[in-house]
Amino acid sequence: MSVHLLLSAGRGPQECAWAVAMLARRLEADAGRRGVTARRIETVRGERPGTLLSVLVALDGEDTGAVAAFAASWTGTLCWQAPSPYRTVGRKNWYVTAQPCQVDAERIGFDESEVDVVACRTGGPGGQHRNKASTAVRATHRPTGTVVVVDTERHFALNRRIAMQLLRSRIAERDEAAGRELVAGRWRIHDELIRGNPTRVERP
């Protein structure tokens, strides 16, 4: 089982990027003690050396319950409590957010074997041949329920070919939209940081 956690400094000051780097190390050390493997799969560096605007961590382990419990213990608003290493300020609490996120969008893909094709008749102009023969095609993509009806050609085989092309295009558009939404969802996490009332406080 894999759980992905995104740690982000959000729109906080440079100390929050420092806090992300410190908390990522602390998370990795805690994971090792609990028999959970933590792997960084994506990082965005901050302006100062050794800081991170965000880090995406994959958590794995044989005990799925332990992985889920560990991820939950590190989810929410995290606080790194320490004086700023960059400037003299009274503030000592630096908040970051840690939220589970999906990394790979579920791609449906297109397989003609998953399409039900039915011959049918359609109304409207088209001459005697179209009225007497069922040359139109109704094609249904079973996994998604997407349906297209094609009657532009006078031959069933041609209409079937067009129907398959339409379904293939629509499923591809659907997969692309799912991928875009996945990326947008990860970006929204950066703006969901709630300062105060942390679920976890860590110190040097």
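**A walk through a predicted model**

Hi everyone, let's start with a charge and a ring: the charged end of Arg200 sits over the ring of Trp74, 3.9 Å from the ring's centre. To say that a charge sits over a ring, we need NZ of Lys or CZ of Arg within 6 Å of the ring centre and within 35 degrees of the ring normal.

A word on the source. This is a predicted model, where local features need pLDDT of at least 70, side-chain atom pairs count only at pLDDT 80 or more, and totals for chains, interfaces and linings use all residues. Residues are numbered from 1 along each chain as its sequence is written, and side-chain values use heavy atoms, with hydrogens and water left out.

Both Trp74 and Arg200 are touched by Asp30, and so is Phe70, not counting residues up to four places away in sequence; contact means heavy atoms within 4.5 Å. Where is Asp30? Asp30 lies in helix α1. Helices (H or I, at least four residues) and strands (E, at least two) are DSSP runs, numbered from the N terminus. Asp30 counts as buried because its relative accessibility is 5%; buried means under 20% relative accessible area, exposed over 50%, and partly exposed in between, with a 1.4 Å probe and protein chains only. The side chain of Asp30 also makes a polar contact with the side chain of Arg34, at 3.0 Å. A polar contact is a pair of N or O atoms within 3.5 Å; within protein, one must be able to donate a hydrogen and the other to accept it, and residues adjacent in sequence count only if both atoms are side-chain atoms.

Let's stay with α1. This helix has 20 residues and reaches 30 Å from its first C-alpha to its last, close to the 28 Å expected at 1.5 Å a residue; that expected span is 1.5 Å times one less than the number of residues. After α1 comes Gly35, with a positive phi near 75°.

How many aromatic pairs does the structure hold? There is one. Its partners are Trp18 and Trp80, edge-to-face, 6.3 Å centre to centre with 90° between the planes. Rings of Phe, Tyr and Trp (its six-membered ring) pair if their centres lie within 6.5 Å; planes under 30 degrees apart count as stacked, over 60 as edge-to-face and the rest as tilted. Trp18 lies in α1 and Trp80 in strand β4 (residues 76-81), so the pair ties together parts that are 62 residues apart in sequence. Both Trp18 and Trp80 are buried.

Next, helix α2 (residues 64-73), where Val67, Phe70 and Ala71 are buried. Seen down the axis of α2, the buried residues fall within an arc of 100°, so they line one face of the helix; the arc is that of the directions from the helix axis to the C-beta atoms. Why can that happen? An α-helix has 3.6 residues a turn, so residues three or four places apart point the same way. The buried residues of α2 pack against β1 (2-8), α1 and β3 (52-60). At the N-terminal end, Asp63 caps α2, with a side-chain oxygen 3.0 Å from the backbone nitrogen of Gly65.

One last stop: Asp175, in helix α4 (residues 156-189). Asp175 is buried, with a relative accessible area of 5%. A polar atom of the Asp175 side chain lies 2.9 Å from the backbone nitrogen of Ile108.
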